[in-house]
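Thanks for coming. I will take one protein today and go through a few of its side chains, then the overall picture. Please have a look at it first.

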Amino acid sequence: MMREYLLGMSSAIVLVVLIAIVYAVRKKTCIMRGKFDERQKVIQGTGYKYGFFAMMISSSIYALTLGWYDLPVHPTVGIMACVLIGVGVFAGYCIWKDAYFGIQGNNKRMIIVMVAVVVMNALSAAMQIKEGTIIENGVIGITALNALCAAVFLAILVVIVAKSWKVNREDKQAGEDDE
């Protein structure tokens with residue numbers, strides 16, 4: 001168990017360093033990628049507000065529930081679930097309002113990264129389920145965080161796909177109206 005944990009942590013650290021290097025290089029070579037216009041910044045501010053309130057409400061409910069009941073959940077899992085709820089609300093709101101991807105941003109690359117995050121976390125969660133380490137001594141352990149991350153990023157991908165379908169349908173209707 002400890003070996004897998006160390007392997008996962010070291011892999012994550014290497015991945016974060018590589019992503020930071022790629023980000024730094026890309027930022028120097030690309031002027032407009034990732035820039036947001038004023039409308040998008042206002043929408044993102046509202047999205048941050050909704051995400052923050054979602055996180056605070058879920059954290060409050062979690063804290064009150066902990067006070068009344070002995071939940072079979074490791075505290076880290078409960079806290080991270082609240083944070084991930086806030087992240088999901090922010091991302092979903094901004095995606096639906098066209099403020100998630102920057103001007104001239106590469107949406108496909110972002111989607112590929114999200115798919116990779118979902119797949120890696122889902123595979124890790126599947127391994128933990130197979131090994132029976134998600135629930136230990138009747139308590140949902142921190143190994144369940146991979147399943148939570150996979151679920152949240154999958155939900156974000158579903159919102160991206162739904163928004164893409166909506167935009168494509170509206171574009172087709174606008175094209176038919178022009179004819």
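Lysine 163 is buried, with a relative accessible area of 8%; buried means under 20%, exposed over 50%, and partly exposed in between, with a 1.4 Å probe and protein chains only. This is a predicted model, where local features need pLDDT of at least 70 and side-chain atom pairs count only at pLDDT 80 or more, while totals for chains, interfaces and linings use all residues. Residues are numbered from 1 along each chain as its sequence is written, and side-chain values use heavy atoms, with hydrogens and water left out.

What does lysine 163 meet in a salt bridge? Its partner is aspartate 98, at 3.6 Å from N to O. The term needs a side-chain nitrogen of Lys or Arg within 4 Å of a carboxyl oxygen of Asp or Glu. The pair links distant parts of the chain, 65 residues apart: aspartate 98 is in the loop between helix 3 and helix 4, lysine 163 in helix 5. Helices are DSSP runs of H or I with at least four residues, strands are runs of E with at least two, and both are numbered from the N terminus. Aspartate 98 is partly exposed, at 39% relative accessibility.

Lysine 163 also lies over the face of tryptophan 96, 5.5 Å from the ring centre. For that, NZ of Lys or CZ of Arg must be within 6 Å of the ring centre and within 35 degrees of the ring normal.

The whole structure has two salt bridges. Another one joins glutamate 170 to lysine 166, with the closest N and O atoms 3.3 Å apart. Both residues sit in helix 5, four residues apart, so about one helical turn separates them. Glutamate 170 is partly exposed at 36%, and lysine 166 is partly exposed at 24%.

Now the rings. There are three aromatic pairs. In one of them, tyrosine 48 and phenylalanine 90 have ring centres 4.4 Å apart and planes at 10 degrees, so the pair is stacked. Rings of Phe, Tyr and Trp (its six-membered ring) pair if their centres lie within 6.5 Å; under 30 degrees between planes is stacked, over 60 is edge-to-face, and the rest is tilted. Tyrosine 48 is in helix 2 and phenylalanine 90 in helix 3, so the pair ties together parts 42 residues apart in sequence. Tyrosine 48 is exposed at 51%, whereas phenylalanine 90 is buried at 17%.

Finally, confidence. The average pLDDT, the predictor's confidence in each residue from 0 to 100, is 83 for the protein.
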